[in-house]
Structures are given as C-alpha cells and as structure tokens.
Amino acid sequence: MTTKSTHTPGPWLVHPDVPGQIVVDDGEGGTFLVAEVERAMQSAEGDANARLIAAAPDLLAALRIIAYGIIGRMDASYAEVVEGMTDIAKAALARAEGRKP
C-alpha cells in the first residue's frame, strides 16, 4: 500500500548561487524556494543539511520502492530484488551526501 505525497514534487536542488536555499525548477527557466538552511553560508554542516533536505523526495521515493516494491517483483529471485533495492538506496544516499550516484 502506497500513499500519495502532498509535498512539492522533486527534484529539489540546492541553489547553485545561494548557499542553503533548496529550490525547485519552475519549468520556465526559474526556480522557487522550498526551504532554506540558515547556517549553510557559514558551515560545512549547513551545506550538508541543505543537501540532505534537497534529497528528501529521492529518499522518500527510494524508501517507498524498498518498502512496497517487492510485491511487484515476486517473480524475481531474492538476490535480484535485493540488488535492485540496494541500487535504489545507494543512489538516494549518494544524492543526500552530495555525490554522483
């Protein structure tokens, strides 16, 4: 059973020119603010917090796939299911940590 999200759809991004601002592309060449981390301008911890917040939609999607995705893969072997879910989780973690998946 999955639930429909009511948050602003992703992808969320850390604004490239304004440290600590988490934004969404508005589809017209601009962005709009989703959240802001005040400490980002002064610390590596603030930058990491901004990346983690920006990755929230990806992390939520990954957890939903991990939690509910096995039902759709009943014909696959256990190893295939685990490998697929591990790949999804690793990609979401890389985004949260500011790395390329």
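This report describes the fold, the helix packing and a few individual residues of a predicted model.

## Overall layout

The chain contains three helices and three strands. Read from the N terminus, these elements follow the order β-β-β-α-α-α. The chain has 101 residues, and 22% of them count as buried.

Contacts along the chain can also be sorted by sequence separation. Of the contacts between residues at least 6 apart in sequence, 39% connect residues at least 24 apart.

## The buried side of α1

Helix α1 spans residues 44–54, and its buried residues are Gly-46, Ala-50 and Ala-54. These residues lie on the same side of α1, because the arc they cover around the axis is only 75°.

Several elements cover these buried residues. Among them are the strands β1 (12–14) and β2 (21–25), together with the helices α2 (56–68) and α3 (78–96).

## Packing of α1 with α2

Two packed helices are described by the angle between their axes and by the distance between the axes. For α1 and α2, the angle is about 50° and the axes are 4 Å apart. The two helices are therefore oblique to each other.

On the α1 side, the contact is made by Leu-52, Ile-53 and Ala-54; on the α2 side, it is made by Ala-56, Pro-57 and Leu-59. Sorted by class, this contact has six nonpolar residues, no polar residues and no charged residues.

## Packing of α2 with α3

Helices α2 and α3 pack at an angle of about 165°, and their axes are 9 Å apart. Angles over 145 degrees count as roughly antiparallel, so α2 is roughly antiparallel to α3. The crossing in which α2 passes α3 is left-handed.

From α2, the residues making the contact are Asp-58, Leu-59, Ala-62, Ile-65 and Ile-66; from α3, they are Met-85, Ile-88, Ala-89, Ala-92, Leu-93, Arg-95 and Ala-96. By class, the contact of α2 with α3 has 10 nonpolar residues, two charged residues and no polar ones.

## Arg-95

Arg-95 is a residue of helix α3.

Apart from neighbours within four places in sequence, Arg-95 is in contact with Pro-11, Trp-12, Leu-13, Arg-51, Ala-54, Ala-55 and Asp-58. One of these residues, Ala-55, is 40 residues from Arg-95 along the chain, yet the C-alpha atoms of the two are separated by 5.9 Å.

Pro-11, one of the residues in contact with Arg-95, lies in the segment before β1. The peptide bond leading from Gly-10 to Pro-11 is cis, with omega near 5°.

Val-18 is found in the loop between β1 and β2. Val-18 is partly exposed, with a relative accessible area of 28%. Val-18 and Glu-36 are 18 residues apart in sequence, and their C-alpha atoms are 9.7 Å apart in space.

Notes
Residues are numbered from 1 along each chain as its sequence is written. This is a predicted model: local features need pLDDT of at least 70, side-chain atom pairs count only at pLDDT 80 or more; totals for chains, interfaces and linings use all residues. Side-chain values use heavy atoms; hydrogens and water are left out. Buried means under 20% relative accessible area, exposed over 50%, partly exposed in between (1.4 Å probe, protein chains only). The arc is that of the directions from the helix axis to the C-beta atoms. Contact means heavy atoms within 4.5 Å. Axes are lines fitted to C-alpha atoms, for helices over the stretch in contact, and angles run from 0 to 180 degrees between N-to-C directions. Angles under 35 degrees count as roughly parallel, over 145 as roughly antiparallel, 65 to 115 as roughly perpendicular and the rest as oblique. A crossing is left-handed if the near helix is turned anticlockwise from the far one by less than a right angle, and right-handed if clockwise. Ala, Val, Leu, Ile, Met, Phe, Trp, Tyr, Cys and Pro count as nonpolar, Asp, Glu, Lys and Arg as charged, and the others, Gly among them, as polar.
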